[in-house]
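Work through the exercises below with the sequence and the model at hand. Each task is followed by a solution in steps.

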Amino acid sequence: MGVAGAAVSAFLLGLTPIIMMRLIDTVGWRGCYNYLGASELVGCVLVTLIWRSGSPETYGVLPDGKVSKGLGLKRKDSNLPPPIPPDSAPAAPKLTNPTFLTFVLSDLVIALNGTAFYFNLQQVVLDNPNIPNSARTYIYPGMALIGIVSRVISGFMIDKLNHRFVFLTALISSTLSLLLLPTMTIKTAFLALPLMGYSMSASGNVRSTVHAEYFGLTNLPNLQSVASSATVLGSAMGPFPYGVVHDYTGRFDGAMYVGAAVTCVAAAAVWRFGEKPGGAGGGRYEMVGREGEDYDDEEGGGAIDG
């Protein structure tokens, strides 16, 4: 997920803003919307044609307890876990489960502040007399580079450490960035912007994997739909309170300080409730096969994540 997210970050944060600004300068914002609509239509059709005959099962992504058959996948890896028996698959948690709610609501907070940050980033630069307007040219490519590196690093950290630790670092980074932004200078910008970039990238990796890892793939459709809805809600809400504060005060400072405080509370909640159910603390299952043993999907093996 880290590598996949890095590719998305490279396009979304690096190329897309530059292309859109050039289009707006050339054909206006209405024409830019027309081009975006056409490109999305063409892109969706191409993706559908390429993957129309594929399914998750083709690539070994199976529900808990299911065994891959007939794929002919043979790998030597002593760290691959055996399939989870159907009767021992994780039970579906209630939506009021403290661990689930903690990750969902904390991700809503990150999405809210992160979307407001990207939405208002150019205005933040314009409002700040310490930042030259020419710096706007380098902001989006710089954020793209940060997003790419952070996606890969945070994905590696989740594999080697655990989701709670990585999510804590994301929330703390977001808090520090929001505290630095109101008084940002050209020097502190090199700290505030990477902190927010890391926060968004690391939280993206966590939200993509934590519910499957904590509660199992069988329960993923129900849980992920609720979690994704909360993330979208946070993104939709984010720019509004920041914009209201800016309209009344002429700056974003008050909104950023409140956002930092709420994010700090979310970090405390993740520290308290973010441990993986069962006390494992997140990360991968530590079920190890015999050293040097072939892992053969045709003979009933299967790597089941979560």
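The model is predicted, so local features need pLDDT of at least 70 and side-chain atom pairs count only at pLDDT 80 or more, while totals for chains, interfaces and linings use all residues. Residues are numbered from 1 along each chain as its sequence is written, and side-chain values use heavy atoms, with hydrogens and water left out.

**Exercise 1.** Find how many salt bridges a search of the whole structure gives.

Solution. Apply the criterion: a side-chain nitrogen of Lys or Arg within 4 Å of a carboxyl oxygen of Asp or Glu. The search of the whole structure returns three salt bridges.

**Exercise 2.** Describe the salt bridge of Asp 107 with Arg 207, and state where each residue lies.

Solution. Step one is the distance: the closest N and O atoms of Asp 107 and Arg 207 are 2.8 Å apart. Step two is location: Asp 107 sits in helix α2 (residues 98-127) and Arg 207 in helix α5 (residues 189-215), so the pair links distant parts of the chain. Helices here are DSSP runs of H or I with at least four residues, strands are runs of E with at least two, and both are numbered from the N terminus. Step three compares sequence with space: Arg 207 and Asp 107 are 100 residues apart in sequence, and their C-alpha atoms are 7.5 Å apart. Step four is accessibility, where buried means under 20% relative accessible area, exposed over 50% and partly exposed in between (1.4 Å probe, protein chains only). Asp 107 is buried at 4%, whereas Arg 207 is partly exposed at 25%. Step five lists the partners of Arg 207, with contact meaning heavy atoms within 4.5 Å. Neighbours within four places in sequence left aside, Arg 207 touches Asp 107, Gln 224 and Thr 231.

**Exercise 3.** Are Lys 276 and Glu 213 buried or exposed, and which parts does their salt bridge tie together?

Solution. The N to O distance between the side chains of Lys 276 and Glu 213 is 3.3 Å. Lys 276 belongs to the loop between α8 (253-273) and β2 (294-296), and Glu 213 to helix α5, so the bridge ties together parts 63 residues apart in sequence. Lys 276 has 6% relative accessibility and counts as buried. Glu 213 is buried as well, at 3%.

**Exercise 4.** Give the distance and the accessibility for the salt bridge of Arg 251 with Asp 253.

Solution. The closest N and O atoms of this pair are 3.1 Å apart. Arg 251 is partly exposed at 28%, and Asp 253 is partly exposed at 23%.

**Exercise 5.** Describe how helix α4 packs on α8 and on α5.

Solution. Two packed helices are described by the angle between their axes and the distance between the axes. Axes are lines fitted to C-alpha atoms, for helices over the stretch in contact, and angles run from 0 to 180 degrees between N-to-C directions. Helix α4 (residues 163-180) meets α8 at about 165°, with the axes 8 Å apart. Because angles over 145 degrees count as roughly antiparallel (under 35 roughly parallel, 65 to 115 roughly perpendicular, the rest oblique), α4 is roughly antiparallel to α8. Residues in this contact include Phe 167 and Leu 171 of α4 and Ala 260 and Trp 271 of α8. For α4 and α5 the angle is about 150° and the axes are 8 Å apart, which makes α4 roughly antiparallel to α5.
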